[in-house]
Amino acid sequence: TFVASTSDDSTAPIFDIPSISPVDGNNPSYVSVSFDQNWQVNKIHHRYLSQDQTQWVDGQVFGPDFGLPTPITTSSLANYAAQLMPLDKKDPAWQQYLTLYEGGFISSTMDYGNSKKLKIICEMISTSLADLENCRGE
C-alpha cells in the first residue's frame, strides 16, 4: 500500500511493490530508504531476487536513476507520476518504473495494460481512499 503525507515535507514514499512471495507472478523484492542528516529522503534502493532465484540483486535506485531531484518529496513523487500517466506502456520511462514495481524484471505472463498502469500510478499519488477512487474514476 502506498501512503504519503499531504504536506510538502520530505517523506519516504511507501510503494505498492510486489510482495515477497511470488504467488501472483511477482518477483520477491524490497526497498530500503537513505536519509540525509535532516531525515529527508535522498534515495530509495531496490533489491530483488534474481530470475533463477539464487541471489539478491541490487536494482535501481529510485531518485537518481529516475531523474528525480533530492530530497524526494510528496510533490516530486506526484510530478513524476504525472509524467508517467500519459506515456505509452512501451515507453522506456514507464518500463523503467514498471521494472522497479514488478520486482526487478517484467514478467511476460502479466497483463500491463492501461488499467494496471492507472492502478499503479493512482496508488503513487493518492493520499486517501477518496483520492484513489477519484483518480481511478470510480
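A residue counts as exposed when its relative accessible area is over 50%, as buried when that area is under 20%, and as partly exposed in between. These classes are used below for a predicted model of a chain of 138 residues, of which 38% count as buried.

**Overall layout**

The chain holds four helices and three strands. Read from the N terminus, the order of elements is β-β-β-α-α-α-α. Of the contacts in the chain with a separation of 6 or more, 44% are between residues 24 or more positions apart. The accessible surface amounts to about 7,600 Å², and carbon and sulfur atoms contribute 50% of it.

**The sheet**

The three strands form an open sheet in the order β1-β2-β3, with antiparallel pairing. Its edge strands are β1 (29-35) and β3 (56-62), each of which pairs on one side only. From one strand to the next, the twist averages 25°. Seven bridges connect β1 with strand β2 (residues 41-49) in the antiparallel sense; V33 has I44, in β2, as its bridge partner. Helix α2 (residues 92-101) lies across β2 and β3, and runs at about 135° to β3.

**Salt bridges**

The salt bridge count is two. One joins the side chains of R47 and D58, with an N to O distance of 2.8 Å. This pair links distant parts of the chain, since R47 is in strand β2 and D58 in strand β3, 11 residues apart. R47 has a relative accessibility of 27% and is therefore partly exposed. D58, at 61%, is over the 50% limit and so counts as exposed.

The other salt bridge is between E102 and K116, whose closest N and O atoms are 3.8 Å apart. E102 is buried, because its relative accessibility is 2%. K116 is buried as well, at 19%, which is under the 20% limit. Leaving aside neighbours within four places in sequence, K116 is in contact with Y101, E102, M110 and D111.

**The disulfide**

How many disulfides does the chain have? The count is one, and the bond joins C122 to C135 with an S to S distance of 2.0 Å. The link of C122 and C135 is left-handed, with -75° about the S-S bond. C122 lies in helix α3 (residues 114-125) and C135 in helix α4 (residues 129-136), so the pair ties together parts that are 13 residues apart in sequence. Is C122 buried or exposed? With a relative accessible area of 0%, C122 is buried. C135 counts as partly exposed, at 24% relative accessibility.

**Side chains in these links**

| Residue | Relative accessibility | Class |
|---|---|---|
| R47 | 27% | partly exposed |
| D58 | 61% | exposed |
| E102 | 2% | buried |
| K116 | 19% | buried |
| C122 | 0% | buried |
| C135 | 24% | partly exposed |

Helix α3 holds K116 and also C122.

Key:
Residues are numbered from 1 along each chain as its sequence is written. This is a predicted model: local features need pLDDT of at least 70, side-chain atom pairs count only at pLDDT 80 or more; totals for chains, interfaces and linings use all residues. Side-chain values use heavy atoms; hydrogens and water are left out. Two strands pair if DSSP finds at least two bridges between them. Helices (H or I, at least four residues) and strands (E, at least two) are DSSP runs, numbered from the N terminus. Axes are lines fitted to C-alpha atoms, for helices over the stretch in contact, and angles run from 0 to 180 degrees between N-to-C directions. Contact means heavy atoms within 4.5 Å. Buried means under 20% relative accessible area, exposed over 50%, partly exposed in between (1.4 Å probe, protein chains only). Accessible areas come from the Shrake-Rupley method with a 1.4 Å probe; for residues, only the protein chains shown count as cover. A disulfide is a pair of cysteine sulfur atoms within 2.5 Å. A salt bridge is a side-chain nitrogen of Lys or Arg within 4 Å of a carboxyl oxygen of Asp or Glu.
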